[in-house]
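Please examine the sequence and the structure before working through the solutions.

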Amino acid sequence: MISAEFKKRARRAIRYNGIVERAQQIVRSAPTLSLNQIGLKLDIKHGDILIDCGANVGDVTSSFARTGAKVFAFEPNPLCFSILQKRFAMTPNVQCFNRGVMDRESTLTLATPKAHLKWDSLDTTVSASFN
């Protein structure tokens, strides 16, 4: 029997892989950006610029990239950024920054949820982004 931990690692290895992401961008490219979670639908032109602030592991960045726009993805969490950077390393229209974004110059401390028995450190940061 395959353990839940093995399944989780296998899923991440595929989902956050740069080659898989690039292939998805090519196969699923579309000039219309649909963010159903917030009821937003936009027609994007090649050369438009989209910014993902708090990109986490890049799920919204992926949708942005498929439009053909130039995408700037900002993520301050080092763990999430490492995944974001690897995931989009082969995607020429995405540029990733290991920085937070605010409306003024400042220095802040990033607080992240602690891992526990049910969730590892990545699970907690991904799930915290949905609260």
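**Exercises on salt bridges**

Glu21 and Arg87 are both buried, where buried means under 20% relative accessible area, exposed over 50% and partly exposed in between (1.4 Å probe, protein chains only). The model is predicted, so that local features need pLDDT of at least 70 and side-chain atom pairs count only at pLDDT 80 or more, while totals for chains, interfaces and linings use all residues. Residues are numbered from 1 along each chain as its sequence is written, and side-chain values use heavy atoms, with hydrogens and water left out.

**Exercise 1.** Determine how Glu21 and Arg87 are paired, and where they lie in the chain.

*Solution.* Step 1: a salt bridge requires a side-chain nitrogen of Lys or Arg within 4 Å of a carboxyl oxygen of Asp or Glu. Step 2: Glu21 and Arg87 form such a bridge, with an N to O distance of 2.8 Å. Step 3: Glu21 belongs to helix H2 (residues 18-27) and Arg87 to helix H4 (residues 78-87), so the pair, 66 residues apart, links distant parts of the chain; helices are DSSP runs (H or I, at least four residues), numbered from the N terminus.

**Exercise 2.** Describe the pairing of Lys8 with Glu5.

*Solution.* Step 1: their side chains form a salt bridge at 3.8 Å, N to O. Step 2: Lys8 and Glu5 are about one helical turn apart, because three residues separate their positions in helix H1 (residues 4-15). Step 3: Glu5 is partly exposed, at 34% relative accessibility.

**Exercise 3.** Is Arg104 buried or exposed?

*Solution.* Step 1: Arg104 has a relative accessible area of 53% and is therefore exposed. Step 2: its salt-bridge partner is Asp103, with the closest N and O atoms 2.8 Å apart.

Terms used: Helices (H or I, at least four residues) and strands (E, at least two) are DSSP runs, numbered from the N terminus.
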